[in-house]
Amino acid sequence: MEGIPYTTEARPDTGLTNPKLGIWLFLASEVMLFGSLFSSYALLRTGAPSWPKQWEVLNVPLAALNTVVLIASSVTMVLAWVSLKNKNVQRYRLFMGLTLAGGAVFLIVKAIEYSEKFSHGLYPSTSNFLGLYFTLTGLHALHVVAGMIVNAYFIGPGVRMWSTDPERFTNRIEVAGIYWHFVDVVWIFLFPVLYLL
Amino acid sequence: MTHDTALKVKGYLAVFAALLALTMVTVGFSYLHLPPKVAVPIGIAIALAKASLVVMFFMHLKGERPMVMWPLALTVFLFVGLFVSILLSEADHLFGARFVDAFH
């Protein structure tokens, strides 16, 4: 079987490997997906006669903690890729494991936040603000879950490629990382927009 | 570890430190409860700075090929267009514009 061409060497016309171009085009579509929701937020908020003080409704310290957790998991993700560049697969496993743990902690904290809201009778149907909050953070959490599934594959069965085609595997981790960092970037905007401002 | 990758790791850790510092700054500002007209531009500017650090260094956009840059530039253009067109529908009280007067 031929397989996908240009996974390790750059395609002459694009100057890129196919996976690299693919992930960036996918992320461009993701920007517009989140963009539609962010602009809905802007319209509903600027058009509202009054808007709750978001920091009084939501838990700022927990969200700040989650910001730090997600940023840290981005750092461990990029260090996992550096480890492969150094041909140190043991260290790769360590950093990838930490990245997965970061995603898990983020989701646990998010679940605590959600249950706190539900226990106070605050649901997506309660107000425009809470509707937007649950939609945006819910979609973002789904992206965290998706990234964790990919990362779990690459620390589990997917790591076998390291012994057959290490260069291609290293590129896979870079591309998975680009997605994971994007999830981090979305949160970097969600945190001030939904909690602080 | 080669010299080159040791430098890389140091760079990534410096970005990490900058991201943590900017997070503290933005949370700190939020406790001042400044009026939205001041707080929103500051909050968005800090978020843009943080996002740029992640995109440039962690996602390796710095020095990336034009074939990545052009689709992203188009995306930014469409994203901003989406935002501007939506906010213009609230321009009367956001920016004090009076489009209605034109029809009188």
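Two residues are in contact here if their C-beta atoms, placed from the backbone, lie within 7 Å. I start with that because it sits behind a figure for chain A. Among contacts in chain A between residues at least 6 apart in sequence, 74% join residues at least 24 apart.

Please keep in mind that this is a predicted model. The scores are ipTM 0.93 and pTM 0.93. For chain B, the mean pLDDT is 88, and 89% of the residues reach 70 or more. Within chain B, the element with the highest mean pLDDT is helix 2, residues 36–58, at 95. The lowest is helix 4 of chain B, residues 91–94, at 75.

Now chain A as a whole. There are 7 helices and 0 strands, so the pattern along the sequence reads α-α-α-α-α-α-α. The C-alpha atoms fill a box of roughly 60 × 35 × 25 Å along the principal axes. Of the 197 residues in chain A, 36% count as buried.

Next, one pair of helices inside chain A. Helix 5 covers residues 128–155 and helix 7 covers residues 166–196. Their axes lie 10 Å apart, and the packing angle is about 160°. Because that angle is over 145 degrees, helix 5 of chain A counts as roughly antiparallel to helix 7 of chain A. The crossing is left-handed. On the helix 5 side, the residues that meet helix 7 include Tyr133(A), Leu136(A), His140(A), His143(A) and Phe154(A). On the helix 7 side, they include Arg172(A), Tyr179(A), Trp180(A), Trp187(A) and Leu194(A). Sorted by class, this contact has 14 nonpolar, 5 polar and 1 charged residues.

Helix 7 of chain A also meets chain B. Which way does helix 7 of chain A run against helix 2 of chain B, roughly parallel or roughly antiparallel? Their axes come within 9 Å and cross at roughly 175°. That makes helix 7 of chain A roughly antiparallel to helix 2 of chain B. From helix 7 of chain A, the residues involved are His181(A), Asp184(A), Val185(A), Ile188(A), Phe189(A), Pro192(A) and Leu196(A). Across from them in helix 2 of chain B are Gly43(B), Ala47(B), Lys50(B), Ala51(B), Val54(B), Val55(B) and Phe58(B). The classes here come to 10 nonpolar, 2 polar and 2 charged residues.

Asn59(A) lies in the loop between helix 2 (54–57) and helix 3 of chain A. Is Asn59(A) buried, exposed or partly exposed? There are 16 other C-beta atoms within 10 Å, so Asn59(A) is partly exposed; buried would need 20 or more, and exposed 12 or fewer. Leaving aside neighbours within four places in sequence, Asn59(A) is in contact with Glu113(A) and Glu116(A). Asn59(A) and Lys117(A) are 58 residues apart in sequence, yet 9.5 Å apart in space, C-alpha to C-alpha.

How values were computed: Residues numbered from 1 in each chain as written. Chains lettered and ligands numbered in written order. Predicted model: local features only at pLDDT ≥ 70, side-chain atom pairs only at ≥ 80, totals over all residues. Axes fitted to C-alpha atoms, helices over the stretch in contact; angles between N-to-C directions. Helix = DSSP H or I, 4+ residues; strand = E, 2+ residues; numbered from the N terminus. Parallel < 35°, antiparallel > 145°, perpendicular 65-115°, else oblique. Left-handed = near helix turned anticlockwise from the far one by under 90°. Nonpolar A, V, L, I, M, F, W, Y, C, P; charged D, E, K, R; others polar. pLDDT = per-residue confidence, 0-100.
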